[in-house]
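The exercises below are meant to be worked with the sequence and the 3D view side by side. Try each task before reading the solution under it.

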Amino acid sequence: MHIITNGENYVIYHESDSKFSIDFTESKAEATRFPKAYPAIGVMKRFKNKLYGYYVYDECRKKPEYENRARMMLSYEQRLEIYNRANGKCVLCGKEIKINKMTIDHIIPLSMGGADEMSNIQCTCWACNQFKSNILPEQFEKKIADIFTYQTDKKHGKELRWKIAKKLLQGIR
Ligand SMILES: [Zn+2]
């Protein structure tokens, strides 16, 4: 069996009607047991912001299987530098954000081997950060284009205006 822990607290995982959530407990007995490692790793990735410093522990082999790497602690000066670099806007959608509301985003995700350093960090709004989570910037752009194309197709698929716009879009990509 596999559990998710940071050595002190344990994770209880809830899944119902395709809604997912986690709770924490100090009691090992209450921890959710995963028969295989990969669903536990999936939970680690889904809740990576809440689970920094946590790892998947294999109770049979008595060793950690997967670890969320410790995140670099940013000083106020570093946060300000990142914020100013982006002119106070989310680098992904362009929305203006307050410095205390900005989300630190790794350009290349840590889970994909990106470095935990200033050159790999950018400022995004919370919504974009949640949406992008574990994909590369190019994939993120393609994903947005795909979602936009698909959704607009569903709504306006028959309209000539959209057919022309779609041709243009596909030409750009
Ligand atoms: Zn944004």
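Predicted model: local features only at pLDDT ≥ 70, side-chain atom pairs only at ≥ 80, totals over all residues.

**Exercise 1.** Where is Ser18 found, and is Ser18 buried or exposed?

*Solution.* Ser18 is found in the loop between E2 and E3, and at 63% relative accessibility Ser18 counts as exposed. Its phi is near 55°, a positive value in a residue other than glycine.

**Exercise 2.** Which residues of the largest nonpolar core touch the most other members?

*Solution.* Begin with the term: a nonpolar core is a set of buried Ala, Val, Leu, Ile, Met, Phe, Trp, Tyr and Cys residues joined through side-chain atoms within 4.5 Å. The largest such core has 15 residues, and those touching the most other members are Ile4, Ile22, Val43, Met44, Leu51 and Val56. Next, look at what supplies them: strand E2 (10-16) and helix H1 (37-46) each give at least two residues to this core, and H1 gives the most, with 5 residues. Apart from this core lies another, of 13 residues, which includes Tyr83, Cys90, Ile104 and Met118.

Now take one member, Leu51, which lies in the loop between H1 and E4 and is buried, with a relative accessible area of 0%. Leaving aside neighbours within four places in sequence, Leu51 is in contact (heavy atoms within 4.5 Å) with Val11, Ile22, Phe24, Val43, Met44 and Asn68. Leu51 and Thr5 are 46 residues apart in sequence, while their C-alpha atoms are 8.8 Å apart in space.

**Exercise 3.** Which residues of helix H4 are buried, and which exposed residues does the face turned away from its buried side carry?

*Solution.* First, the helix itself: H4 (residues 137-156) has 20 residues and reaches 28 Å from its first C-alpha to its last, close to the 28 Å expected at 1.5 Å a residue, the expected span being 1.5 Å times one less than the number of residues. Second, the buried residues in H4 are Phe140, Ala145, Thr149 and Thr152. They lie on the same side of H4, because they cover an arc of only 165° around the axis, the arc being that of the directions from the helix axis to the C-beta atoms. Third, the face turned away from that buried side carries the exposed residues Tyr150 and Lys154.

**Exercise 4.** How many salt bridges does the count come to?

*Solution.* The rule is that a side-chain nitrogen of Lys or Arg lies within 4 Å of a carboxyl oxygen of Asp or Glu, and the count comes to 6 salt bridges. One of them joins Arg33 to Glu59, with the closest N and O atoms 2.9 Å apart. This pair links distant parts of the chain, 26 residues apart, with Arg33 in the loop between strand E3 (19-25) and H1 and Glu59 in the loop between strand E4 (55-58) and strand E5 (63-67).

Another salt bridge is formed by Lys166 and Asp153, with the closest N and O atoms 2.8 Å apart. Lys166 lies in helix H5 (residues 160-172) and Asp153 in helix H4, so the pair ties together parts that are 13 residues apart in sequence. Finally, Glu65 and Arg61 meet in a salt bridge at 2.8 Å, N to O, and Asp58, Arg61 and Glu65 are linked in a network of salt bridges.

Note on methods:
Residues numbered from 1 in each chain as written. Heavy atoms only, no water. Buried < 20%, exposed > 50% of the residue type's maximum accessible area, 1.4 Å probe, protein only. Helix = DSSP H or I, 4+ residues; strand = E, 2+ residues; numbered from the N terminus.
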